[in-house]
Amino acid sequence: MPKRFSASEYSEGILAGNRVRLSQAITLVESTLPSDQALAQQVLDAVLPHAGRSVRVGITGVPGVGKSTFIEALGLHLVREQGHRLAILAVDPTSQRSGGSILGDKTRMNELAAHPQAFIRPSPAGRSLGGVTRSTREALLLCEAAGHDVIFVETVGVGQSETAVHGMVDFFLLLMLAGAGDELQGIKKGIMEMADAISITKADQGNELAARRARREYQNALHLYPLSPSGWVPEVTVSSALTGQGVPTVWEIIMRYVQQTQESGYFQQRRQEQNLHWLHETIRQSLETQFYQRPAVREQLAAIEQAVREGRKSAFGAAGELLGL
């Protein structure tokens, strides 16, 4: 059983930049035990005035695009050349059979993980869609309070989870491959509408020409989408984590976006809208948790589920019955 500290011990350690205490606090917010959740809320309340001062970047991409390799290259540029303190929340897939998580991102970013200015937190996705949960949002706030001024949220893959990530970050970066195939077009469209920038990765080892061609194609495609409420026109670049070419350019694009949206007021407006979104999302999750914890529901749920499975009850009728308990 992991040791539990007082709320002040957690919060004071976080504000002092204690990486061990930060990790322990994130474990606390990930816990589903009611006692841990209550303590986690006290910690969050204590550190919240010190959060919100980072640049939050969501990073996603098609399978095989090399997200972890790219993130390490960009992260090393930020901590070495720019002097930033970087936190990476890398959500790993959770096995639906065993509940186990791969948790491989930290091992794939060996050099960055060893840097004192970087903090990498691999977390199991759990049962949530794409692994983006309330605890991801809370971990982000804890990292900010610990003094990390750049936060990366890496998603499991391309899918509906990206919508949740988009709702907690300032900038959304999509990594793509040149010649990924037409079979990905349906996935690309929805994600591309959310992207603030696209980087064509692996522009090396003879793939440079294809990457530049893909850049032109994606840039042309982006002009077909309506202008974002931020007024920002998404940019497309090429990069190679292997050689480092184009990696600093991605950060320059992010900084231009931050400056433009801060000057227009959109940056703060979006942060406020996200806060409200997570209020309602937390209410929804809390109500669901409370519902399933009700004794009457727990007693009858298995039988009602069996009736639905066998077609003796409709899903709508069964839900109404459970909600009326």
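**Close-ups of a predicted model**

Leucine 287 sits in helix H12, which spans residues 266–293; helices here are DSSP runs of H or I with at least four residues, strands are runs of E with at least two, and both are numbered from the N terminus. We're looking at a predicted model, with local features needing pLDDT of at least 70 and side-chain atom pairs counting only at pLDDT 80 or more, while totals for chains, interfaces and linings use all residues. Residues are numbered from 1 along each chain as its sequence is written, and side-chain values use heavy atoms, leaving out hydrogens and water.

**View 1. A nonpolar patch that includes Leu287.** Leu276, Leu279, Ile283 and Leu287 together make a nonpolar surface patch of about 380 Å². Patch members have over 30% relative accessible area and no salt bridge, with nonpolar side chains (Val, Leu, Ile, Met, Phe, Trp, Tyr) joined within 5 Å and like charges within 9 Å. A salt bridge means a side-chain nitrogen of Lys or Arg within 4 Å of a carboxyl oxygen of Asp or Glu. Areas come from the Shrake-Rupley method with a 1.4 Å probe, and for residues only the protein chains shown count as cover. Leucine 287 counts as exposed because its relative accessibility is 54% (buried is under 20%, exposed over 50%, partly exposed in between; 1.4 Å probe, protein chains only).

**View 2. Helix H4 crossing helix H11.** The axes of H4 (residues 67–81) and H11 (residues 247–264) come within 9 Å and cross at roughly 70°, so H4 is roughly perpendicular to H11. On the H4 side the contact uses Phe70, Ala73, Leu74, His77 and Leu78, and on the H11 side Val247, Pro248, Val250 and Trp251. Contact means heavy atoms within 4.5 Å. Axes are lines fitted to C-alpha atoms, for helices over the stretch in contact, and angles run from 0 to 180 degrees between N-to-C directions. Under 35 degrees counts as roughly parallel, over 145 as roughly antiparallel, 65 to 115 as roughly perpendicular, and the rest as oblique.

**View 3. Glutamate 138, a buried residue.** Glutamate 138 belongs to helix H7 (residues 134–145), and its 9% relative accessibility makes it buried. Setting aside neighbours within four places in sequence, glutamate 138 touches Val29 and Leu44.

**View 4. Positive phi at lysine 202 and glutamine 205.** Lysine 202 lies in the loop between strand E6 (197–200) and helix H10 (208–222), and glutamine 205 is in the loop between E6 and H10 too. Phi is near 60° for lysine 202 and about 50° for glutamine 205. Most residues other than glycine have a negative phi. Lysine 202 is partly exposed at 39% relative accessibility, whereas glutamine 205 is exposed at 72%.
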